[in-house]
Amino acid sequence: MLNALDFDLNDWIDYLATIGQAKFRAKQIYGWLHKGVKFEKMSNLPNTLVQKLKEDFSENQVSVYKKLVSGKDGTRKYIFALQDGNIIEGVLMSYKYGNTICISTQVGCRMNCAFCASGLDGLVRNLTAGEMVGEVLAVNNDLGNGDRQITNIVLMGSGEPLDNYDNVIKFINMISDANGINISKRNISLSTCGLCDKIYNLADDLGGVTLTISLHAPNDKIRGQIMPINKAYNIDEILKAVKYYFDKTGRRIIFEYSMIKGVNDSVDCAKELSLLLKGLPCHVNLINLNYVKEKGLQSSGKEPVQAFLKVLDKNGISATIRRTMGSDIEGACGQLRRKILKN
Ligand code: SAH
C-alpha cells in the first residue's frame, strides 16, 4: 500500500489524472489528510473516489507505539512505529509561544559521532517525506484539538537530515504548504553535522529554514576526534558554507555546542570559539551533554558551562545555555529507542 502522506499536491494531481478524476480534488484530499482525517470521513469526495483511495493508500504509516510524559515540564517523548516494524523517536516540547516537535529523519544514522546514541547501530534506512509528515500528524492527533497544535519543527531527532536530502526537502515543502498545516519555514530548524555541499543546495533550493550546525568544537583537531564527518568537511568549509547560507537567506546561523568534560569545555576552547565565530551573524547554544552509557563521555557540569558562556559573552558572541527539558523521562535522542529495541 502507498503512503498517502508521501504525495504532495503535484503527485495527487498526477494520480487523479490516471484514474480519470478532476484535478481540484487534489487540494481537497491533501487538506483532509494533513488534518488527520480518514478517507472514510472526507465528506466532499465522491464515494467511488473514497473507495479507490482506500484500496491504494493508507492515511498515515506512522503510529504512536509508546509515549512518556514528563512530570516536570510536560515534555512528551514518543516512540513511533513504522509500517515495516522499525521504530523511531520524537519529542514534543511545550513553550509559552507554542509547541515544538523534534522529529527523526532516518532510522539510525551513519555519522557515528562519539557522543550520540543514534549512530550506535549505523543507518537502517531513510525515512520517506510522508513518514516525517506522519510524525507531525501523529503528535497533532495525540494532542487533540485540531491540526494546528504544532507551531515549530526541529529536525534534530535521530538521523542526519542532509544525508536524506530529497525526502527532507519534500517534507519541508509539504509541511509548509498553505493547503496543509502550513508551518512557516521560519519556524522550522534543520540541524546538521555539516554536510557542506548539501548546505549550499539547501540555501538554493529552499531558503528560509533556520540552519543549525552541530559544531561541538573550536578546531579541527578536537572536532575530528568526536565527529568523523570532520574528515570530509572541516570547520573552514563549514564556515564558508554557512556564510553562503546567510547571504542567500538572511537567516542567522545557530551553532550547537555540547559540553563534554575534558574534551571541548576549557576556557581556551571558549576563547578559540569566540575568535572563530567573530563577525558571523550567529548564536551559540551550549548544551549539557546527555550521558550515553555505550559512549562513556561525561558532561562538563554546571560551572565549566557557565565559565564557557562568560567568555563567549565577553567576546560579543551571542550565546545561551540550552534549557534541559524532559530530563526525568529519557536522555539523549536515540536512547529510548535503543532501550525498547533491546527489550
Ligand atoms: N544529525 C543532525 C541532527 C540530529 S542530532 C546533527 O548532527 O545536527 C541533534 C543534536 O543533538 C546535534 O547537535 C547532536 O550533536 C546533539 N547530540 C547528539 N547526542 C547528544 C548527547 N548525547 N548529548 C547532547 N547532545 C547530543
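The second largest pocket of this predicted model holds about 260 Å³ of space. Residues are numbered from 1 along each chain as its sequence is written.
- A pocket is an open set of points on a 1 Å grid over the protein atoms alone, with protein on both sides within 12 Å along at least five of seven lines, and its lining residues have an atom within 4 Å of a point.
- Its volume is the space filled by probe spheres set on the points, which are joined across faces, edges and corners.
- Strand 3 (62-69) and helix 4 (129-143) are the elements that give two or more residues to the lining of the second largest pocket; helices (H or I, at least four residues) and strands (E, at least two) are DSSP runs numbered from the N terminus.
- Helix 4 supplies the largest share of this lining, four residues.
- The lining of the second largest pocket divides into six nonpolar, four polar and three charged residues; Ala, Val, Leu, Ile, Met, Phe, Trp, Tyr, Cys and Pro count as nonpolar, Asp, Glu, Lys and Arg as charged, and the others, Gly among them, as polar.

**Largest cavity**
- A cavity is a set of grid points where a 1.4 Å probe fits but cannot get out.
- The count comes to one cavity of 30 Å³ or more, and the largest cavity has a volume of about 40 Å³.
- The largest cavity is lined by 10 residues, with Gly108, Ala117, Ser118, Asp121 and Arg337 nearest its centre.
- Three nonpolar, four polar and three charged residues make up the lining of the largest cavity.

**Aromatic pairs**
- Rings of Phe, Tyr and Trp (its six-membered ring) pair if their centres lie within 6.5 Å; planes under 30 degrees apart count as stacked, over 60 as edge-to-face and the rest as tilted.
- The count by this rule is 11 aromatic pairs.
- Phe7 and Phe57 form an edge-to-face pair, 5.1 Å centre to centre with 85° between the planes.
- This pair links distant parts of the chain, 50 residues apart: Phe7 is in the loop between strand 1 (2-3) and helix 1 (9-18), and Phe57 is in strand 2 (residues 57-58).
- Both Phe7 and Phe57 are buried, where buried means under 20% relative accessible area, exposed over 50%, and partly exposed in between (1.4 Å probe, protein chains only).
- The pair of Tyr95 and Tyr97 is stacked, because the ring centres are 5.3 Å apart and the planes are at 5°.
- Tyr95 is partly exposed at a relative accessible area of 26%, whereas Tyr97 is exposed at 57%.
- Phe7, Trp12, Tyr15, Phe39 and Phe57 are linked into a cluster by ring pairs.

**Helix 1**
- Leu9, Trp12, Tyr15 and Leu16 are buried in helix 1.
- They lie on the same side of helix 1, because they cover an arc of only 120° around the axis; the arc is that of the directions from the helix axis to the C-beta atoms.
- Asn10, Asp14, Ala17 and Thr18 are exposed on the other side of helix 1.
- Helix 2, helix 3 and strand 2 are what the buried residues of helix 1 pack against, with contact meaning heavy atoms within 4.5 Å.

**Helix 3**
- Leu49, Val50 and Leu53 are the buried residues of helix 3 (residues 47-56).
- Their arc around the axis is only 100°, so they are on the same side of helix 3.
- Exposed residues Asn47, Thr48 and Glu55 sit on the face of helix 3 turned away from its buried side.
- The cover over the buried residues of helix 3 includes helix 1, helix 2 (25-34) and strand 2.

- Most residues other than glycine have a negative phi.
- Asn182 has a positive phi of about 60° although it is not a glycine; Asn182 is in the loop between helix 5 (165-175) and strand 10 (188-192).
- Asn182 counts as partly exposed, at 38% relative accessibility.
- His216 also is a residue other than glycine with a positive phi, near 60°, and lies in the loop between strand 11 (210-214) and helix 7 (220-226).
- His216 is buried, with a relative accessible area of 4%.

Technical notes: This is a predicted model: local features need pLDDT of at least 70, side-chain atom pairs count only at pLDDT 80 or more; totals for chains, interfaces and linings use all residues. Side-chain values use heavy atoms; hydrogens and water are left out.
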